[in-house]
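This briefing presents one protein structure for a reader who is new to the subject. Please keep the sequence and the model in view while reading the points that follow.

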Amino acid sequence: MNVCTLSLVITLAACAPPPLPPEEALADCSVSDGDTIRCGEERIRLLGIDAPELPGHCRPGRACAPGDPSTSADSLSSAMTGRLAIRRFGKDRYGRTLAMVSADGTDLSCHQLSAGQALYRSDWDDLSAIMRICPDAITASPDLIR
């Protein structure tokens with residue numbers, strides 16, 4: 001390998017997005033609201049989206065996602081069929097796991113965006129993971145913050 005080729009390989013590697021966390025199987029899950037699920041004792045907040053809040057859950061002064069919280073939760077529930085998998089990114093300030101969750105290979109954040117049941121939040125999208133896997137859903141989605 002010559003010096004120019006080696007330099008190009010190093011440059012391209014430096015520009016590549018970081019890898020996503022490993023995928024793990026998930027079971028016994030239920031929907032809490034349009035962007036949060038519970039699997040056993042673990043509460044999971046879907047990465048990169050904001051769905052309408054349940055009545056009384058939008059803190060004063062916060063710009064909460066518009067829409068019907070029941071419809072958003074129903075949309076998420078209908079998508080949670082088949083094999084569930086998770087990619088964990090850490091915890092939020094409420095102790096929930098921040099994660100990408102998929103059902104039979106369809107990412108649930110992307111599903112909620114495509115269904116018009118959530119808004120994309122780039123500031124909540126660790127490693128731009130959701131942007132990387134469903135940019136068309138994000139482009140079509142209204143947003144609060146990009």
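D28 is exposed, because its relative accessible area of 70% lies over the 50% mark used for that class. The residue belongs to the loop between strand 1 (24-26) and strand 2. The model discussed here is a predicted one.

- D28 has a phi near 55 degrees, which is a positive value in a residue other than glycine.
- D104 also has a positive phi, near 50 degrees, and is likewise a residue other than glycine.
- The position of D104 is in the loop between strand 7 and strand 8 (106-107).
- D104 counts as exposed, because its relative accessibility of 54% is over 50%.

- E23 is located in the loop that runs between helix 1 (3-15) and strand 1.
- Leaving aside residues up to four places away in sequence, E23 touches R83, A85, I86, R87 and S102.
- One of these, A85, is 62 residues from E23 in sequence, yet the two C-alpha atoms are 6.2 Å apart in space.

**Loop residue S141**

- S141 is part of the loop between helix 5 (135-140) and strand 10 (143-145).
- Is S141 buried or exposed? It counts as buried, because its relative accessibility is 6%, which is under 20%.
- S141 and L113 are separated by 28 residues in sequence, while their C-alpha atoms are 6.0 Å apart.

**The protein as a whole**

- The protein contains five helices and 10 strands.
- Of its 146 residues, 40% count as buried.
- Among contacts in the protein with a separation of 6 or more, 57% are between residues 24 or more positions apart.

**Rings and charges**

- How many aromatic pairs does a search of the whole structure find? The search finds zero.
- One ring does have a charge over it: the charged end of R121 sits over the ring of W124, 4.0 Å from the centre of that ring.

**The largest pocket**

- Rolling a probe the size of a water molecule over the atoms shows where empty space is left.
- The largest pocket has a volume of about 640 Å³.
- The pocket is lined by 25 residues, of which R45, E53, D92, Y94 and R96 are the closest to its centre.
- By type, the lining consists of 14 charged, seven nonpolar and four polar residues.
- Strand 2 (29-33), strand 3 (36-39), strand 4 (42-46) and strand 5 (49-50) each contribute at least two residues to this lining.
- Which strand gives the largest share of the lining? Strand 4 does, with three residues.

- R96 is placed in the loop between strand 6 (84-91) and strand 7 (97-103).
- R96 is buried, because its relative accessible area is 16%, which is under 20%.
- Apart from residues up to four places away in sequence, R96 touches T36, R43, R45, G90 and K91.
- R45, which R96 touches, is also listed with R96 among the residues closest to the centre of the largest pocket.

Conventions:
Residues numbered from 1 in each chain as written. Predicted model: local features only at pLDDT ≥ 70, side-chain atom pairs only at ≥ 80, totals over all residues. Heavy atoms only, no water. 1 Å grid on protein atoms, 1.4 Å probe; cavity = no way out; pocket = protein on both sides within 12 Å on 5 of 7 lines; lining within 4 Å. Points joined across faces, edges and corners; volume = space filled by probe spheres on them. Helix = DSSP H or I, 4+ residues; strand = E, 2+ residues; numbered from the N terminus. Nonpolar A, V, L, I, M, F, W, Y, C, P; charged D, E, K, R; others polar. Phe/Tyr/Trp six-rings, centres within 6.5 Å; stacked < 30°, edge-to-face > 60°. Lys NZ or Arg CZ within 6 Å of the ring centre and 35° of its normal. Buried < 20%, exposed > 50% of the residue type's maximum accessible area, 1.4 Å probe, protein only. Contact = heavy atoms within 4.5 Å.
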